[in-house]
Amino acid sequence: MRARAIVSVAVSACVVLVACACGPERTKEDTDAKPSQPSASTTADEPSATPTGDQPAPRTKEGAIERYEQYLHALGHEDIDTVCDVAGPAAKKAQDQGLGPCTSTYATVLQMISPAQKKALQTATVDPKRVVVRTPAKVEMPVDAVRASATFSKSDLGSYTLEYLKNDWYITD
């Protein structure tokens, strides 16, 4: 039990350091990133939050939720490229403050997430009723909005702010 608590605190610390030290600043590397893949929940009948070609992602609460679910699924699948695409602005600021590049930071975070939590993240969804729209371009995703087969607390996963930047939603805080 104590080892589990230590792992939870370590994961929380890494996630918080990466996600909380954020801002809307973007670098050339951020804007040159390859487009991310749509989440598994996207169907042919639903609009995708992921831009295709020159099409911007929807600047809606639903678009932000889909993008955040994409991030959660990527964490579960250990898809660091997608995780770092979605969390790019937050990760860049954390790197500027001394954490290391997003890929190596999240590689460490992924090692601390239990197999059961990873499996749960692969199909996690977000309860739209718990999402807080601050402005049309800023949405908060509290940890209690995450619906998964495993329970996540603030120390496990944390809450995030997504902002609409460069025609897509990104974790900035």
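Q: Let's start with the cysteines. Are Cys84 and Cys102 buried or exposed?
A: Both Cys84 and Cys102 are buried. Buried means under 20% relative accessible area, exposed means over 50%, and partly exposed is in between, with a 1.4 Å probe and protein chains only. One caution: this is a predicted model, where local features need pLDDT of at least 70 and side-chain atom pairs count only at pLDDT 80 or more, while totals for chains, interfaces and linings use all residues. Residues are numbered from 1 along each chain as its sequence is written, and side-chain values use heavy atoms, with hydrogens and water left out.

Q: What joins Cys84 to Cys102?
A: A disulfide, with an S to S distance of 2.1 Å. The cut-off for a disulfide is a pair of cysteine sulfur atoms within 2.5 Å. The structure holds one disulfide.

Q: Where do Cys84 and Cys102 lie?
A: Cys84 is in helix α4 (residues 80-86), and Cys102 is in helix α6 (residues 102-112). So the pair ties together parts that are 18 residues apart in sequence. Helices here are DSSP runs of H or I with at least four residues, strands are runs of E with at least two, and both are numbered from the N terminus.

Q: Which hand does the disulfide have, and why?
A: Left-handed, because the torsion about the S-S bond of Cys84 and Cys102 is about -100 degrees.

Q: OK, zoom out. How many helices and strands does the chain have?
A: Seven helices and six strands. From the N terminus on, the order is α-α-α-α-α-α-α-β-β-β-β-β-β.

Q: How much of the chain is buried?
A: Of its 173 residues, 47% count as buried. The accessible surface comes to about 8,900 Å², and 55% of that belongs to carbon and sulfur atoms. Those areas come from the Shrake-Rupley method with a 1.4 Å probe; for residues, only the protein chains shown count as cover.

Q: And what about contacts across the sequence?
A: Take contacts between residues at least 6 apart in sequence: 66% of them join residues at least 24 apart. Contact means heavy atoms within 4.5 Å.

Q: Back to helices. How do α3 and α7 cross?
A: The axes of α3 (residues 61-77) and α7 (residues 115-122) come within 7 Å and cross at roughly 145 degrees. Axes are lines fitted to C-alpha atoms, for helices over the stretch in contact, and angles run from 0 to 180 degrees between N-to-C directions. The crossing of α3 past α7 is left-handed. That term applies if the near helix is turned anticlockwise from the far one by less than a right angle; clockwise would be right-handed.

Q: Which residues make the contact?
A: From α3, they are Leu72, His73, Leu75, Gly76 and His77. From α7, they are Lys118, Leu121 and Gln122.

Q: What does Pro128 touch?
A: Lys61 and Ile65, leaving out residues up to four places away in sequence. Pro128 lies in the loop between β1 (125-126) and β2 (132-135). Pro128 is partly exposed, at 41% relative accessible area. Pro128 and Lys61 are 67 residues apart in sequence but 8.0 Å apart in space, C-alpha to C-alpha.

Q: Now backbone angles. What's the phi of Lys166?
A: Positive, about 50 degrees, although Lys166 is not a glycine. Most residues other than glycine have a negative phi.

Q: Where is Lys166?
A: In the loop between β5 (160-165) and β6 (168-171). Lys166 is exposed, with a relative accessible area of 57%. Asn167 is found in the loop between β5 and β6 too. Phi of Asn167 is positive, near 70 degrees, and Asn167 is partly exposed at 44%.

Q: Last one: which residues of α5 are buried?
A: In α5 (residues 88-96), Gly88, Pro89, Ala90, Ala91 and Ala94 are buried. After α5 comes Gly98, with a positive phi near 110 degrees.
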